[in-house]
Amino acid sequence: MTSTATTVVTSEQSVAVLGPSDRDSLTATCRRGLDQARRSHRPVLVSWAKPLRLADPVAIWSRARRGTPRSFLWQSAWDRGSVVAIGSARDLRGRGENRVASVRDGWQALTRDLVTGGTAATGLPAGEGPLAIGGFAFSPEGPSDMGRLPDALMWVPALQIRGTVPDRGGDDRPGPAELRLNAVLLHDSDPGQVADGLLRLAELCLAPEPAADVPRPAYEGERTYRRAELPDAEHWKGLVRRATGRIRDGAFEKVVLARELRVTASSPFDVPTAVNRLRGAYPDTTVFAVDHEEYTFLGATPEYLVRVDRRAVHALGLAGTAPRGLTPEQDAALALELAGSAKIQHEHDIVVQMLRDALRDACVDVASDAEPSVVKLANVQHLSTKVRGELAADSTAGILDFVDRLHPTPALGGHPREESLSWLSANEGLDRSWYAGVVGWADHSGQGQFAVTIRSALVDGPSASLYAGCGIVADSDPEAEYAESCAKLRPMMSALGIE
């Protein structure tokens with residue numbers, strides 16, 4: 001018998017977590033998965049669901065992440081959807097130039113014999129069933145010391161909760177959400193043991209926790225910091241000059257040059273506090289956090305690479321940056337200067353045209369905004385153009401196919417792609433890790449969302465690598481580009497409490 005009771009989960013307590021009828025339903029679903037694994041002679045993904053009422057997904061994630069080396073948090077600015085994921089039922093990995101295709105093929109194979117059970121929730125944003133979550137580094141190739149995060153890692157979480165981002169205006173009433181427990185069954189799996197393990201995980205993640213058990217983070221005013229710019233400021237400005245020289249020589253039109261600020265603190269950084277600061281200070285961005293072993297990659301990005309919602313495909317061109325003004329009048333003047341700059345408009349047009357061309361391979365009715373709009377964040381403002389299309393009737397392309405085609409866009413690497421990326425590989429000398437990569441989720445029907453991972457940092461206890469990049473064109477000024485990169489570092493410095 002499938003339970004249809006709704007669990008209520010708030011930031012302080014959980015009520016009626018999972019009962020005997022839920023165990024019976026989950027165990028029966030696992031038995032069906034075992035039968036399918038024996039018939040098909042393949043591993044079978046089992047996914048069991050139950051509706052929730054969820055007040056604050058970040059509170060659940062903050063507590064549950066401490067018991068696992070793998071977790072994922074997603075709060076979308078585009079459809080207000082949220083994902084909390086704990087543990088891994090199956091990893092999906094890839095390497096080299098075909099890494100996205102390898103992950104896509106692995107995901108399709110795993111969901112071929114999908115067995116579902118329980119009661120799916122209604123009224124949620126786009127996406128259905130179990131998700132593959134994770135991301136891809138900027139490049140499949142990097143310096144010899146690369147390896148802090150895999151080139152490509154997506155996984156099916158053992159526990160996932162999908163819901164909606166709470167209204168930060170003060171309405172903290174629980175909203176519709178869905179608990180989903182996932183496992184991969186083999187021909188010799190024990191369905192009862194699998195079900196019991198998933199139920200224990202759900203209880204640990206959803207059960208209330210005594211306040212005394214929550215460790216107190218170090219007071220940030222007591223911290224000391226050591227900082228290193230990679231490369232140092234003068235070296236990076238020299239790279240800008242070399243890049244503009246190659247552009248004037250005709251080697252490529254644009255290249256995006258990144259730099260890293262590496263900070264070592266006297267005590268570990270408080271990642272949940274950083275996440276809460278990001279979503280409070282940047283409510284119109286997508287906030288994400290990926291825990292992988294000892295590393296956490298987190299950020300608040302204003303930019304998505306691609307979204308697929310049923311048959312609708314959306315991409316976003318975000319290129320061109322100006323500071324915010326100190327007064328409304330100064331801010332408006334800077335926005336006009338941004339929109340009127342021939343240099344920035346050219347840089348922006350390159351990105352938009354590439355997105356349009358990539359969508360035309362699988363879509364009809366491809367269109368974009370007639371003119372770019374100005375997106376204002378707390379510290380900077382950008383030119384932004386939305387590109388959209390409808391999947392062609394005969395197209396089977398899904399979200400990961402579009403990630404493969406689009407990443408990296410000219411806003412992340414440069415244009416033309418091959419020439420600019422080749423120059424970066426030979427000259428930048430920086431381990432970008434997942435900075436300027438993509439993070440997101442995909443469902444088994446091809447829907448999903450992937451964000452461009454700018455305004456981000458990689459944290460390992462008391463160490464943090466903060467990243468920023470600037471689009472370099474023929475007339476870029478090294479001093480101005482360095483100042484822009486410093487402005488782009490400030491959101492993550494503030495979130496992590498770095499003074």
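Me: How far is the sulfur of C470 from the closest cysteine sulfur, and which residue holds that one?
Reply: In this predicted model, the closest cysteine sulfur to that of C470 belongs to C486 and lies 8.8 Å away, which is too far for a bond.

Me: And C30, what is the closest cysteine sulfur there?
Reply: For C30 the closest cysteine sulfur is in C205, at 17 Å, and that too is too far for a bond, because a disulfide needs the two sulfur atoms within 2.5 Å.

Me: Are C30 and C470 buried or exposed?
Reply: C30 is buried, with a relative accessible area of 0%, and C470 likewise counts as buried, at 0% relative accessibility.

Me: Switching to helices: how do helix 2 and helix 6 cross?
Reply: The axes of helix 2, which covers residues 57–64, and helix 6, which covers residues 271–281, come within 10 Å and cross at roughly 165 degrees. Because angles over 145 degrees count as roughly antiparallel, helix 2 is described as roughly antiparallel to helix 6.

Me: Is that crossing left-handed or right-handed?
Reply: The crossing of helix 2 and helix 6 is right-handed.

Me: Which residues meet there, and what classes are they?
Reply: From helix 2, the residues V58, W61 and S62 meet V271, P272, V275, N276 and R279 of helix 6. By class, this contact of helix 2 with helix 6 consists of five nonpolar, two polar and one charged residues.

Me: What about positive phi at S433 and A436, which are not glycine?
Reply: S433 has a positive phi of about 55 degrees, while A436 has a positive phi of about 65 degrees. S433 lies in the loop between helix 10 (417–427) and strand 22 (438–443), and A436 is likewise found in the loop between helix 10 and strand 22.

Me: Are S433 and A436 buried or exposed?
Reply: S433 is buried, its relative accessible area being 3%, and A436 is also buried, with a relative accessible area of 2%.

Definitions and conventions:
Residues numbered from 1 in each chain as written. Predicted model: local features only at pLDDT ≥ 70, side-chain atom pairs only at ≥ 80, totals over all residues. Heavy atoms only, no water. Buried < 20%, exposed > 50% of the residue type's maximum accessible area, 1.4 Å probe, protein only. Axes fitted to C-alpha atoms, helices over the stretch in contact; angles between N-to-C directions. Helix = DSSP H or I, 4+ residues; strand = E, 2+ residues; numbered from the N terminus. Parallel < 35°, antiparallel > 145°, perpendicular 65-115°, else oblique. Left-handed = near helix turned anticlockwise from the far one by under 90°. Contact = heavy atoms within 4.5 Å. Nonpolar A, V, L, I, M, F, W, Y, C, P; charged D, E, K, R; others polar.
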